[in-house]
Amino acid sequence: RECLSKGITTFQDAGSPLPTVDLLKSLAEEHKLGLRLWVMLRTSNAILAPNLRKYYTIGAGDDHFTVRAIKRMMDGALGSRGAWMLEPYSDLPPGTPNSSGLATEDPADIRKTAELAIANGYQLCVHAIGDRANREVLNIYEAVFKEHPDKKALRWRIEHAQHIDPADIPRFAELGVIASMQGIHCTSDAPFVILRLGPKRAEAGAYVWQSLMRSGALVTNGTDTPVEDVDPIACFYASVSRKLKDGSVFFPDQRMSREEALRSYTVNNAYSAF
């Protein structure tokens with residue numbers, strides 16, 4: 001109801017367990033859902049393996065319900081210094097050991113998920129915020145794509161793609177990986193991004209929408225609700241302005257034009273969900 005009240009007719013659900021998927025599908029088939037849902041499965045490989053073919057669903061309930069993706073998480077968030085970085089954080093309290101964040105799930109296990117996804121026709125969507133996490137996900141995708149050269153236009157995604165080492169920016173387009181980003185996170189996180197990363201790393205790799213688009217990558221947009229309000233208008237404004245509450249602008253060269261922001265929220269999102 002909240003999505004519909006704010007003009008959203010299709011919502012991408014970034015990870016539900018099988019019982020939730022069963023409930024949502026039944027609501028769609030009873031025409032009680034109201035909202036079109038595109039859903040990622042989020043559960044263990046042991047549960048996924050015997051169930052992927054059964055749960056693959058395109059357009060159930062009069063095109064209101066689709067299941068065709070799997071969600072995994074490579075790292076944590078920047079605010080808690082849990083994003084997995086290539087170099088240590090710049091603002092660690094005195095006396096604490098150096099930390100570059102952490103992998104929240106085993107990369108080898110995510111690699112197994114990738115193999116399950118490609119074998120069963122699923123998209124894979126992996127949460128990666130730090131530059132090390134983004135590189136690790138790109139490495140997994142590249143390795144699996146090379147093993148399956150017959151599989152094309154898979155539209156696999158990195159969810160958030162917030163902090164990327166400059167060397168990895170061109171790899172999104174080269175591999176056909178979608179940068180599934182959230183414009184509103186830029187202005188919400190900006191007050192502590194420079195503290196965490198220092199100005200040089202922040203400018204080179206933080207929310208580099210234009211760098212990604214110029215390299216040929218597809219950038220999508222959203223709010224990551226309930227982290228942010230589901231209303232797209234504030235996110236659209238953040239994408240175009242990158243303006244903070246104090247009036248400053250966070251690295252303005254990376255701002256989207258209004259048309260780019262509109263595309264990122266509409267046709268690009270539609271493409272990213274087939």
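## Exercises: a pocket and some rings

The largest pocket holds about 920 Å³ of space. This is a predicted model, where local features need pLDDT of at least 70 and side-chain atom pairs pLDDT 80 or more, while totals for chains, interfaces and linings use all residues. Residues are numbered from 1 along each chain as its sequence is written, and side-chain values use heavy atoms, with hydrogens and water left out.

**Exercise 1.** Find which residues lie closest to the centre of the largest pocket.

*Solution.* Start with the lining of 42 residues: closest to the centre are Thr10, Phe11, Gln12, Asp13 and Asn269. Next, look at strand 1, which gives the most to this lining, with five residues.

**Exercise 2.** Work out how the rings of Tyr56 and Tyr122 are arranged.

*Solution.* First, recall that a pair of aromatic rings is described by the distance of the centres and the angle of the planes. Rings of Phe, Tyr and Trp (its six-membered ring) pair if their centres lie within 6.5 Å; planes under 30 degrees apart are stacked, over 60 edge-to-face, the rest tilted. Here the centres are 5.4 Å apart and the planes at 75°, so Tyr56 and Tyr122 are edge-to-face. Then check the sequence: the two sit 66 residues apart, so to speak in distant parts of the chain.

**Exercise 3.** Decide whether Tyr122 is buried or exposed.

*Solution.* Take the cut-offs: buried is under 20% relative accessible area, exposed over 50%, partly exposed in between (1.4 Å probe, protein chains only). Tyr122, at 2%, is buried, whereas Tyr56, at 32%, is partly exposed.

Conventions: On a 1 Å grid over the protein atoms alone, a cavity is a set of points where a 1.4 Å probe fits but cannot get out, and a pocket is an open set with protein on both sides within 12 Å along at least five of seven lines; lining residues have an atom within 4 Å of a point. Grid points are joined across faces, edges and corners, and a volume is the space filled by probe spheres set on the points. Helices (H or I, at least four residues) and strands (E, at least two) are DSSP runs, numbered from the N terminus.
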